[in-house]
Amino acid sequence: MSVNAREEDYEYIELFGKPGLFTNSRIDRDTVPEGWYAYDLRGSDYDPGEPVTVEPYVVVNHAGTILTHAPVTIPKEGFKRLKGRLEFSSYHLTLKDFCEERGLIYPEDNRTFKLRPASESEAGIFYAMTPEQDANLAVIGHVRMDFGHGGTEFWHTWWQRGEESLNSSEFKQELGEVVDALRETVLKDLASMSRYCGEHGSQIGGGCAQNYGYVVDTAHYRYCLRCNPVPGDYQGYLTCFDLDRQRLNLMNATRADIVGMTFYGDGNATSFTDADAYIKEIREELPYRATSGFRFETATDDPTVRKAVDDLVYNEFGENNPRPLEDYENTPNEGMTFGGM
């Protein structure tokens with residue numbers, strides 16, 4: 001498994017006389033900020049844990065990964081011998097700490113479309129469902145993809161599964177942008193998909209053992225990418241959901257006196273008429289939203305409930321809610337939703 005470059009705890013090192021950061025883990029190259037560089041260290045055959053060369057990517061005898069703010073010139077052979085010019089310090093710090101100490105601007109994560117591994121409970125939505133399930137979950141359709149005989153082509157076909165009205169021009173534009181972004185990483189070619197799945201895991205049941213699931217959430221849509229990184233078959237299926245319609249479907253199916261609703265990535269949803277139960281669910285599930293796909297919508301006009309929910313959201317990000325209760329009493333509920341909806 002690989003780690004996020006922005007979240008890893010590193011050891012300070014000097015590589016060829018220049019400062020850098022070291023981790024024993026592999027770094028997810030998708031998380032390496034613009035203007036930064038990641039290189040793998042290769043260990044010797046006699047001692048795989050003792051680095052002898054620095055390379056763009058190492059499969060066998062991986063001895064760690066280096067993150068630097070200055071590029072390393074790699075000879076045409078594809079590797080550069082260390083020759084004792086890698087010095088460790090036992091001093092640990094994060095990328096943010098490193099930037100603060102060296103007067104560098106910390107690179108915020110500005111990726112437009114972020115893939116996350118699917119949770120076990122989400123596995124079912126990556127495969128074919130009944131027309132009723134498609135309608136309830138507001139499935140628009142899916143893109144079927146393969147890399148051709150040589151593994152470097154890109155063939156794709158669109159399959160409509162929902163109402164034609166859901167396949168709007170706004171959706172088509174965003175779908176194209178999502179696919180273009182994924183073509184830079186996991187959908188670049190068959191080798192890239194195989195490497196991505198090997199580094200990120202996220203195997204999903206319901207089909208062949210080699211299937212992997214990843215999710216992209218945007219303001220109005222959810223994209224579920226199923227990867228099958230083997231030659232001779234379709235290698236990718238990208239199922240698209242309209243989250244606005246999904247929410248509307250649930251609202252139409254629930255009673256008018258609901259306080260709020262919660263949603264999960266596997267399609268499960270719950271409506272609440274008890275304010276305490278609704279707030280309790282948000283408090284318990286909010287910290288796990290990245291893996292569970294948890295999101296919610298407050299339906300009540302009760303200002304105390306709306307403020308209590310906002311307090312939890314601000315607290316999750318380490319802040320205090322700046323809005324007093326009076327603000328909620330004097331403004332209508334606009335149906336605030338959190339978590340990609």
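**Entry 1: overall numbers.** I took buried to mean under 20% relative accessible area. On that basis, 47% of the 341 residues of the protein count as buried. I kept in mind that this is a predicted model. I looked up the surface next. The accessible surface comes to about 17600 Å², and carbon and sulfur atoms hold 49% of that area. For the extent, I took the box along the principal axes: the C-alpha atoms fill roughly 70 × 55 × 30 Å. I then checked sequence separation. Among contacts with a separation of 6 or more, 61% are between residues 24 or more positions apart. The secondary structure comes to nine helices and 19 strands.

**Entry 2: the sheet.** In what order do the strands of the six-stranded open sheet run? I read E10-E13-E14-E15-E11-E12, with antiparallel pairing. E10 (115-117) and E12 (155-160) stand at the edges. Each has a single partner strand, so one side of each is left without a neighbour in the sheet. From one strand to the next, the twist averages 25°.

I went into one pair in detail. E14 (residues 221-227) and E15 (residues 236-242) run antiparallel and are joined by seven bridges. Across that pair, Tyr 223 has Cys 240 of E15 opposite.

**Entry 3: helices on the sheet.** Which strands does helix H3 touch? I found that H3 (residues 169-182) packs on the sheet and touches E10, E11 (139-146), E12, E14 and E15. The direction of H3 makes about 40° with that of E14. Helix H4 (residues 190-200) packs on the sheet too, touching E10, E13 (212-217) and E14. The direction of H4 makes about 90° with that of E13.

**Entry 4: H6 and H8.** I wanted two values here, as packed helices are described by the angle and the distance between their axes. The axes of H6 (residues 275-285) and H8 (residues 303-316) come within 10 Å and cross at roughly 10°. Angles under 35 degrees count as roughly parallel, and H6 and H8 are therefore roughly parallel to each other.

Which residues meet in the contact of H6 with H8? From H6 I listed Ala 275, Tyr 278, Ile 279, Ile 282 and Arg 283. From H8 I listed Val 305, Ala 308, Val 309 and Leu 312. By class, I noted eight nonpolar residues, no polar ones and one charged.

Notes
Residues numbered from 1 in each chain as written. Predicted model: local features only at pLDDT ≥ 70, side-chain atom pairs only at ≥ 80, totals over all residues. Heavy atoms only, no water. Pairing = 2+ DSSP bridges. Helix = DSSP H or I, 4+ residues; strand = E, 2+ residues; numbered from the N terminus. Axes fitted to C-alpha atoms, helices over the stretch in contact; angles between N-to-C directions. Contact = heavy atoms within 4.5 Å. Parallel < 35°, antiparallel > 145°, perpendicular 65-115°, else oblique. Nonpolar A, V, L, I, M, F, W, Y, C, P; charged D, E, K, R; others polar. Buried < 20%, exposed > 50% of the residue type's maximum accessible area, 1.4 Å probe, protein only. Areas by Shrake-Rupley, 256 points an atom, 1.4 Å probe, with all protein chains shown as cover.
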